Amino acid sequence: METMARYLGYAIPLLLAALCAPGIALAQPYPAKPVRVVIVFPAGGSNDVTGRIVFAKLSEMTGQPFVLENRGGAGGTIGSEIVAKSPPDGYTVMVQSTTHIANAHLYKKLPYDVLKDFIGVTTLARQVGVLVVHPSMPVKSVRELVALAKRRPGQIVYAGAGNGSYAHMAMALFVSMSGTNMLNVQYRGAGPGNIAIIAGETQAMLTTLGSIAPHIKAGQVRALGVSLDTRTSQFPEIPAIAESVPGYEFTGWVGCFVPAGTPRAIVDALNAAIKKVLENPDAATRLADLTLDPLHMTPEQFAQRLQADYDKYADVVRISGAKIE
């Protein structure tokens, strides 16, 4: 009875259901102590926003702190290396995006293998991008921006969130498909990149809606088009880029990872807990309002997506011309 009481003291019904599922058994309930959550980008971007919403709710549900730690820099590779070299016990978790996969093609050598040294627990949210310009730009549509860029080749500067970031790859693909020539300046994350375009240091950016939406609403930037092939339900007034650049579509994801070797029982328990968070009306609404559409996958589904994106990003990185020694 004493053992059962201790167990119930730690585990909420959510994790009891996960841990009691067939084939899952742990020596003690998970989580039994605070969990370190490494967000590999600075505060203010979609990775940070998603991580804070999801893991704040997870802390509330489990009764254990999920302690967030921003370790930005080098396109997320600094934080990723920390996680790759952490004990595979479920108490170090990583929040990363599709940049994780792009880095495999950008860097000549990484201190870890993006596929082999991590287990993808689940995606957390789908990232939808939006092309924005500084309000001083004399353009109000994608077509007008393309026309201006063709009249002024190499003169329009766009901000990125670091080499290989979603913002970098999405804009590089847009420049390629629109037949334009723009200069890019990469910042250390979406937050600093957003600040740059708001301040007028750069003129354009194709970043995640989740990170820039408040600034669109405040009139600090002008939205021209979203990166879906259709308009979004949250911002139906913003056209799809594909309406002006046929065939353009580029979405990403924010995901949760643990070091390779983490016991499957812990991976499954964390996956089940996050699924409950993403189904929670409060968390789901907060994410969706920022066009960070809640997106849950099983570890197997996420592994398939990671491999597919690995192949896709090889082409996108080649188009961008980006390489990091």
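Colleague: What separates Lys275 and Glu279 in helix α10?
Modeller: Lys275 and Glu279 are 4 residues apart in helix α10 (residues 264–279), so about one helical turn separates them. Keep in mind that this is a predicted model.

Colleague: Where do Asp309 and Arg305 lie, 4 residues apart?
Modeller: In helix α12, where about one helical turn separates Asp309 and Arg305. Their side chains meet in a salt bridge, 2.8 Å from N to O.

Colleague: Is Asp309 buried or exposed?
Modeller: Buried. The cut-off is under 20% relative accessible area, and Asp309 has 5% relative accessibility, so it counts as buried. Arg305, at 24%, counts as partly exposed.

Colleague: Which residues are linked with Glu69 in a network of salt bridges?
Modeller: Arg36 and Arg71 are linked with Glu69 in that network. Between Arg71 and Glu69, the closest N and O atoms are 2.9 Å apart. Arg71 is partly exposed, with a relative accessible area of 31%. Glu69 is partly exposed as well, with 22%. The structure's salt bridges come to 12.

Colleague: What describes a pair of aromatic rings?
Modeller: Two values: the distance of the centres and the angle of the planes. The structure holds 10 aromatic pairs. Take Trp253 and Phe302: their ring centres are 5.2 Å apart and their planes stand at 85°, so this pair is edge-to-face. Trp253 is in strand β9 (residues 251–259) and Phe302 in helix α12 (residues 299–320), so the pair ties together parts 49 residues apart in sequence. Both residues are buried.

Colleague: What sits over the ring of Tyr91?
Modeller: The charged end of Lys33, 4.7 Å from the centre of that ring.

Colleague: How many residues apart in sequence are Ala283 and Ile53?
Modeller: They are 230 residues apart in sequence, yet 6.4 Å apart in space, C-alpha to C-alpha. Ala283 lies in helix α11 (residues 281–289). At 1% relative accessibility, Ala283 counts as buried. Beyond its neighbours within four places in sequence, Ala283 is in contact with Ile53, Lys57 and Val277.

Colleague: What pLDDT does the protein average?
Modeller: The average is 89, and 91% of the residues score at least 70. Over residues 1–26, the pLDDT is below 50. That stretch has 37 contacts in the model beyond near neighbours in sequence. Where pLDDT is low, predicted coordinates should not be read in detail.

Note on methods
Residues numbered from 1 in each chain as written. Predicted model: local features only at pLDDT ≥ 70, side-chain atom pairs only at ≥ 80, totals over all residues. Heavy atoms only, no water. Helix = DSSP H or I, 4+ residues; strand = E, 2+ residues; numbered from the N terminus. Buried < 20%, exposed > 50% of the residue type's maximum accessible area, 1.4 Å probe, protein only. Contact = heavy atoms within 4.5 Å. pLDDT = per-residue confidence, 0-100. Phe/Tyr/Trp six-rings, centres within 6.5 Å; stacked < 30°, edge-to-face > 60°. Lys NZ or Arg CZ within 6 Å of the ring centre and 35° of its normal. Salt bridge = Lys/Arg side-chain N within 4 Å of Asp/Glu carboxyl O.
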